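Here are my notes on the model you sent over.

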Amino acid sequence: MPTPIDALSANLLSPIVLAFALGAIATLLRSDLKIPDALYDSLSIYLLLAIGLKGGVALAKASPGEIVLPALGALALGAATPIWCFAILRRLGRFGPTDAAAIAAHYGSVSAVTFVAVQTFLERSGVPTEGFMAALVALLEVPGIVVALMLARSGGQGTNWRETVRELLTSKSIVLLVGGMVIGALSGPERFKSVEPVFVGLFQGLLVIFLLELGLVAARRFRDVRAVGPFLVAFAIVMPVLHGVIGALVGTAAGLSVGGATVLGVLAASASYIAAPAAVRIALPAANPSLYLTPVLAITFPFNLAVGIPLIHEAARIIQGV
Amino acid sequence: MPTPIDALSANLLSPIVLAFALGAIATLLRSDLKIPDALYDSLSIYLLLAIGLKGGVALAKASPGEIVLPALGALALGAATPIWCFAILRRLGRFGPTDAAAIAAHYGSVSAVTFVAVQTFLERSGVPTEGFMAALVALLEVPGIVVALMLARSGGQGTNWRETVRELLTSKSIVLLVGGMVIGALSGPERFKSVEPVFVGLFQGLLVIFLLELGLVAARRFRDVRAVGPFLVAFAIVMPVLHGVIGALVGTAAGLSVGGATVLGVLAASASYIAAPAAVRIALPAANPSLYLTPVLAITFPFNLAVGIPLIHEAARIIQGV
Amino acid sequence: MPTPIDALSANLLSPIVLAFALGAIATLLRSDLKIPDALYDSLSIYLLLAIGLKGGVALAKASPGEIVLPALGALALGAATPIWCFAILRRLGRFGPTDAAAIAAHYGSVSAVTFVAVQTFLERSGVPTEGFMAALVALLEVPGIVVALMLARSGGQGTNWRETVRELLTSKSIVLLVGGMVIGALSGPERFKSVEPVFVGLFQGLLVIFLLELGLVAARRFRDVRAVGPFLVAFAIVMPVLHGVIGALVGTAAGLSVGGATVLGVLAASASYIAAPAAVRIALPAANPSLYLTPVLAITFPFNLAVGIPLIHEAARIIQGV
Amino acid sequence: METVQRRKVTIVAESILEDRLLGELRALGASGFTVMDVRGEGSRGRRTMDLGGRNIRVEVVAGVALAEAILAHVADHYFEHFAVIAWVDDVEVVRGDKYA
Amino acid sequence: METVQRRKVTIVAESILEDRLLGELRALGASGFTVMDVRGEGSRGRRTMDLGGRNIRVEVVAGVALAEAILAHVADHYFEHFAVIAWVDDVEVVRGDKYA
Amino acid sequence: METVQRRKVTIVAESILEDRLLGELRALGASGFTVMDVRGEGSRGRRTMDLGGRNIRVEVVAGVALAEAILAHVADHYFEHFAVIAWVDDVEVVRGDKYA
Ligand SMILES: Nc1ncnc2c1ncn2[C@@H]1O[C@H](COP(=O)(O)O)[C@@H](O)[C@H]1O
Ligand SMILES: Nc1ncnc2c1ncn2[C@@H]1O[C@H](COP(=O)(O)O)[C@@H](O)[C@H]1O
Ligand SMILES: Nc1ncnc2c1ncn2[C@@H]1O[C@H](COP(=O)(O)O)[C@@H](O)[C@H]1O
Ligand code: NA
Ligand code: NA
Ligand code: NA
């Protein structure tokens, strides 16, 4: 069993962490390296669909009973995290209700790529996870955003909730994740084999290219980090750790293995940079995008990728005493 | 040996059929899911080249004698189907000569993706096919279009035939199919091995993404189905069945196995949605594109994918008494 | 051991050479086949990163001592080849200093795809090469361009060298090659395994698609070949042969195996069509792009691909007496 | 060729607004529009999103009244909070009745 | 900077017409053109093709006579059956002799 | 809607010039610009590069003086050796103070 330090340094040398670093360095060196928009879009479609498909195949093998408690735990996390984020941002951070809600929406939702990174980490460490974790990604994505938007509007005029929720539930990431899961579950392991070379075999390699682009983009926001102020910087590191531990506790209470509890912790710790920004930009146009994009992309995402994942795994091991 | 009902339901649960359904559902739910144009174009280049390459490698192993009769059968089908389609559309459907010819061109040509779908179906069912069937796709693509265009012009002024035929013969799909076949045949099975992971290994998985896009696009035409009228709806289902049975008969007469006869039947049943629309739009600009695109994409393609393929295979089995 | 003629014809039938030919033929037939820009850009990112990663993994296994002499040899070639190219183009070709330097920059730098082609050729022929050759590609890319640009300015006003060199060293190809090497070396063979299906498994197949596009593009310049005159045509064939033999000699002197010497020879023989054109267009705007793009793309690249590689390998074998 | 004068409104907006904006153009009565993917910089700089957050550029050829209505709509609904700009100019078209 | 007045013709057309249209522009004497990929909606709505059936937008800077000829050509050959629109406006350029 | 007159400069250039050109626009004082990827043909024909060598089309809405300065800059620095063209026309915008 590797020590926490071993696990951390092993994680830092994984191809995906290094690819993110390469992208960030390329931006800092003002390289002309650019990932075509169409490639970025294609890779994100691929990754979401692959997560869904693999989850669906695994789900088909799971008994419905196993998944009820973890699902409820995930929903509770999705509903609760934006509430305390909002309160902290309002009281301690002194942000207006709109900006506070906007930031809370991001930290209440999840990042599918962070999910993939923790899966990769655990696989490499030989720690098994429950097969149905991908379903929790889909469950955790939307509620946090909806709750945060409701908080923003708590004192304001009516908003078109039906339309906002419809847009969230039919957004690209939900359609691909849930659609992929249904396809995976219906076609089953046998029929899935023919598409495995693409959706399993290529996964890690294509993730490397995706993280290269995320590094390029995140580094463009590095110079804004100062502008968002020390409170948000601290928030962007402290909250993931806090959410990670809470998530690991909730996962353990819901009966998940140490691997599953780690994944749920990391999901809670992660902040959305696809679904939440799109929803928040439309629903809360007055919020300042720099206040949510910079912490999420330039701090929380790389922090989780490099440090948060091994840390939360360590927390889960301590919690479960293994 | 599975019963026809088993085969049908097994087919409905294949990843590619489900992916098409997911795409269609996403459109109906007004999801913002979009496949980048560049990805769609890249996948269609890949699929055509892969079909060609694999066909070429197989062709290298075939004896020239084997292929003569099936090739003549394919050519005969390509020349004959548009003629009777035209007549039916004129007489029974009461379409003008231009629209009738436009529709006939599509049903006289073939769909490479439907070809791939039937190959996948037969592989999964353990039914062998002649290796050279890809050559028949190339042979069947062009003649149906040319014959239909000639019918449209039967009473009209001269058209630039040389140029039209040159454009068809140098169109993307022919260049990739035939070019791929030549490369496959020249490089042979040994040298082909190094590129197999891409052109064989990834084939089914990438097809899933391609069919997701086809589902997205086809569903946009669902609401036009009413507009094209009941005659065309019936035509778009009856003709594939008819052509499928005739194709299976011709294939059997040409000495093809039950697998080969199924493929030839499905090819005859399929309607073109790449080469034919492009050629018809330019050569018959007065034809109404809705009248050919809607039946082909929104009816015939999904019908063949889900029902036509197992049905025609059943017909081929009955014909050959196996 | 195959005879040179066998090796040549075997090479001509490799999928990548045939794909280049298919692209060229498609252009000559005025086919509407087009590779989307985004696909071309994505493939070139992939190829450069894959070369880097594989090189880095191999580098991790090499002892630093082994690589010193070959690296010095490569640097010497990069510095020397543009000088004599420039002199020949000025004296014998009677080109102005700007055009001469522009052409010399291309022949002093290297083509990563030609590197890949020779690696493929040697693998297929069962000839081993030193694992660190990819590092030499990165080393050879920049010096030739810088030296040539310095020659152009020898009599002229000051140029912004700092900026020019910074742009070259942070250009896409260097960032991906060197970045990939660092990632490969740091993550090591064990962690590399998870990304191997993409960066090794798909390499040859994706190269086929890339070469299809290169064929399409190169053939668009075929008609300009006459315009550039017989001197440049001869130059575009003679210099690669000359550089190839010199490179093989230098490689042998630096202690490389016959495979390594072949690779170094082919690198010296190759002419850049990515880094050099971009740098030259900006730094020497008065140079006529036809004079460097046409020989490089329409003559030297296909010549090396089809004939140069087996020829230079033969030379390396004669030099090393094997 | 006889031509008539029409107005052309050009809107550059965050791409996330595409569906909403095009729906509003239809509702305002535009007979058509042309959309392209662009990128840009402006006074709100990187306030637009990095990921999936590119710009679109929409052109609408329209009569004077509709052009005015579109411009007013965009100014009222988008200028404050979104990275959106718009301009109008005159164009000559062949079949003027085609454009509301 | 001394500028001269020229005309600019903009054509939005089904992308399948690209090769043909550009060939005709060359034949009519255009010294150059700029093409971009766009998408759009118009009165002929979804009559354009879905698959591979996007629009292009072609700009040609030209003298008065050539602009007129291009507009007439497009109107005569494309307006009836194809999803094509075109407009003209005035632009100022630096080297007027560059544009036929 | 009250509008004010501004100038719009459009530059079509080899895409390799993008970073340099945009930096110069910022230095000249442009408050913003919109860029799109295009392709084209002109008098210098295939002199532009084939690979990675496409064109960009940059639009800058600006005041009279800045527009003049941009046009002069482009003419002086690019017209001789690069495949670059530029034109200017008038546009009406809502918030004129936004544009230098
Ligand atoms: N002066 C300008 N000229 C042309 N396009 C502009 C200008 N200012 C802004 N834009 C475009 O409008 C978008 C939003 O601008 P802004 O609202 O100023 O941030 C930018 O991303 C540019 O694409
Ligand atoms: N009023 C308009 N303003 C701008 N572009 C238009 C307009 N009407 C049509 N278009 C463009 O022209 C194409 C063909 O239009 P139509 O022939 O009306 O179907 C559409 O797809 C749009 O890209
Ligand atoms: N008359 C024109 N109208 C529109 N665009 C043009 C014209 N001439 C040139 N261009 C564009 O400007 C680029 C450079 O043109 P040139 O410098 O003439 O080779 C071309 O690739 C076209 O995109
Ligand atoms: Na979270
Ligand atoms: Na058919
Ligand atoms: Na060289």
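1. Contact here means heavy atoms within 4.5 Å. By that rule, 27 residues of chain C are in contact with 24 residues of chain B. Before going on, a word on ground rules: this is a predicted model, where local features need pLDDT of at least 70 and side-chain atom pairs count only at pLDDT 80 or more, while totals for chains, interfaces and linings use all residues. Residues are numbered from 1 along each chain as its sequence is written, chains are lettered from A and ligands numbered from 1 in the order in which they are written, and side-chain values use heavy atoms, with hydrogens and water left out.

2. How much area is buried between chain C and chain B? About 2,100 Å², with carbon and sulfur atoms giving 78% of it. Buried area is the accessible area (1.4 Å probe) that two parts lose on being put together, summed over both.

3. On the chain C side that touches chain B, the elements giving two or more residues are α2 (15-28), α3 (37-61) and α11 (203-220). Of these, α11(C) gives the most, with six residues. Helices here are DSSP runs (H or I, at least four residues), numbered from the N terminus.

4. Now the metals. Which protein atoms are donors to the sodium ion (ligand 4)? They are the O atoms of Tyr107(A), Ser109(A), Ala268(A) and Ser270(A), lying 2.4 to 2.6 Å from the ion. Tyr107(A) lies in helix α5 (residues 97-108) and Ser270(A) in the loop between α13 (258-269) and α14 (275-283) of chain A, so the pair ties together parts that are 163 residues apart in sequence. Donors are N, O and S atoms within 2.8 Å of the metal (3.2 Å for Na, K and Ca); water is not among the atoms, so sites may look incomplete.

5. Tyr107(A) is buried, at a relative accessible area of 1%, and Ser270(A) is buried with 1% too. Buried means under 20% relative accessible area (1.4 Å probe, protein chains only).

6. For the sodium ion (ligand 5), look at chain B: the donors are the O atoms of Tyr107(B), Ser109(B), Ala268(B) and Ser270(B), 2.4 to 2.6 Å away. Their spacing along the chain is Y-x1-S-x158-A-x1-S. Tyr107(B) and Ser109(B) are both buried.

Technical notes:
Buried < 20%, exposed > 50% of the residue type's maximum accessible area, 1.4 Å probe, protein only.
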